Amino acid sequence: MPPKFRTGLRWKLSAAIAVVSALVALALSLVVHNAARVSMINSARDVQDERVQSALRIYESTGRLVFYAQLDDPSLPRELKAYAAKGQRATYVQDGHGPPVVWAATPANDGRVLSLKTGFTDRYSVLVDLDQALVAGSLAVVVGGTALGVLIGGRMSRRLRKAAVAARKVADGDTQVRVREAIGGRMRDETDELARAVDAMADALQLRLEAERRVTADIAHELRTPVTGLVTAAELLPAGRPSEMVRDRSQALRTLVEDVLEVARLDGAAEQADLQEVALGEFVRRRVQALAPEAKVTVDEDAVVPTDPRRLERILGNLLANAARHGKPLIEVTVDGPFVRVRDHGPGFPEDLLREGPSRFRTGSTDRSGGGHGLGLTIATGQARILGARLTFRNAPAADGGGAVAQLLLPR
């Protein structure tokens with residue numbers, strides 16, 4: 001695949017102004033050059049015509065040739081010979097590789113043709129100087145227009161880049177960022193209108209999301225009391241298979257309600273991490289031994305990181321539970337500096353999760369559709385965001401055994 005070249009607005013605008021400036025300067029230069037050349041040649045023709053008339057009068061009165069006039073010049077152009085044969089006086093411009101030659105011819109009384117020719121040398125040098133001045137002026141116009149385009153395009157490009165950065169922060173969940181404030185300036189242009197529109201859209205989406213979060217939290221909170229009573233009542237049932245099924249489903253319902261409440265709290269952006277210095281290798285080893293004793297822990301490089309142990313344990317527990325539920329043994333946990341990787345040897349993450357990220361109440365494809373309600377990875381991602389960490393998902397190559405790989409990068 002050929003490489004893709006990315007050009008900014010500044011250079012596109014500068015290139016457009018440079019091209020337009022060059023075309024305008026070229027057109028004006030051609031017009032001025034042609035107008036000056038035609039004017040100079042017409043003036044030379046008038047002078048040559050007057051000189052040939054004066055030479056004719058002197059020749060007919062005295063028989064002398066002046067102004068380097070010649071009679072029946074063999075190099076006389078055919079056009080002038082034709083006019084002389086008709087008894088007409090005429091001028092003619094003969095173009096060559098150098099300066100043009102201006103001819104004038106008139107028939108004399110003795111039937112001969114008197115002609116003059118003069119090189120356009122002096123006026124031609126003036127025309128060359130004019131062309132040089134036009135070229136210099138055109139270059140100045142192109143350079144000035146390009147510099148102006150760079151300045152104007154640079155200002156617009158900076159404002160648009162600031163708007164893009166601010167919009168990404170809004171998309172990442174930073175509700176305090178406003179695009180209009182980020183771009184700054186007092187200029188009222190299309191960029192300013194775009195920023196205000198993005199801010200209005202972000203405010204509307206934030207209000208809607210906040211309303212949905214409150215509804216979800218209220219519903220989960222209202223369900224909490226009856227579900228707790230249901231779990232308590234299930235514990236009082238006599239032993240038996242039906243009782244075990246009721247206790248299992250009521251406990252699953254209770255876990256779902258607690259997870260929904262946690263997701264609502266994470267969406268509210270009011271959660272704060274209680275940071276402590278944690279020796280990551282020892283922490284992960286002890287937590288994995290308690291959460292998933294069958295998992296294998298490898299510490300390639302230990303690191304001390306500032307993090308919230310409770311939230312980190314929650315992330316680790318959800319990743320291990322997801323690997324145990326949807327993957328296959330062996331589950332491997334690797335600590336490599338600030339990186340923590342959890343890998344299973346199952347069919348891997350579904351493509352939509354790799355493409356869009358975890359989504360609540362979506363458990364994956366049919367081959368990873370075991371139990372669960374799809375909130376585990378969503379909660380892990382939300383907790384990682386609060387820790388300032390980055391949680392990514394990928395699938396291991398089939399040549400390496402395949403499987404799903406979740407990687408957590410903690411800030412040092």
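## Terms and basis of the model

Angles between axes count as roughly parallel under 35 degrees, roughly antiparallel over 145, roughly perpendicular from 65 to 115, and oblique for the rest. The axes themselves are lines fitted to C-alpha atoms, for helices over the stretch in contact, with angles running from 0 to 180 degrees between N-to-C directions.

The model is predicted, so that local features need pLDDT of at least 70 and side-chain atom pairs count only at pLDDT 80 or more, whereas totals for chains, interfaces and linings use all residues. Residues are numbered from 1 along each chain as its sequence is written, and side-chain values use heavy atoms, with hydrogens and water left out.

## Overall make-up

The chain has 10 helices and 11 strands, these being DSSP runs numbered from the N terminus (H or I of at least four residues for helices, E of at least two for strands). Of the 412 residues in the chain, 34% are buried, that is, under 20% relative accessible area with a 1.4 Å probe and protein chains only. Among contacts (heavy atoms within 4.5 Å) between residues at least 6 apart in sequence, 62% join residues at least 24 apart.

## Helix α8 and its two partners

The axes of α8 and helix α10 (residues 376-387) come within 9 Å and cross at roughly 150°, and the two helices are therefore roughly antiparallel to each other. On the α8 side the contact is made by Arg311, Leu312, Arg314, Ile315, Asn318, Leu319 and Asn322, and on the α10 side by residues including Gly376, Ile379, Gln383 and Leu387. By class, this contact of α8 with α10 divides into 9 nonpolar, 4 polar and 2 charged residues, where Ala, Val, Leu, Ile, Met, Phe, Trp, Tyr, Cys and Pro count as nonpolar, Asp, Glu, Lys and Arg as charged, and the others, Gly among them, as polar.

Helix α7 (residues 280-291) and helix α8 (residues 309-326) have axes that come within 10 Å and cross at roughly 50°, which makes α7 oblique to α8. Among the contact residues are Phe283 and Arg287 of α7 and Glu313 and Gly317 of α8; the contact of α7 with α8 has 9 nonpolar, 1 polar and 2 charged residues.

## The aromatic pair

A search of the whole structure finds 1 aromatic pair, a pair being rings of Phe, Tyr and Trp (its six-membered ring) with centres within 6.5 Å, called stacked if the planes are under 30 degrees apart, edge-to-face if over 60 and tilted for the rest. Phenylalanine 349 and phenylalanine 393 form this pair, which is edge-to-face, at 5.3 Å centre to centre and 80° between the planes. Because phenylalanine 349 lies in the loop between β9 (339-343) and α9 (351-356) and phenylalanine 393 in strand β10 (residues 390-395), the pair ties together parts that are 44 residues apart in sequence. Phenylalanine 349 is buried, with a relative accessible area of 6%, and phenylalanine 393 also counts as buried at 15%.

Conventions. Buried < 20%, exposed > 50% of the residue type's maximum accessible area, 1.4 Å probe, protein only.
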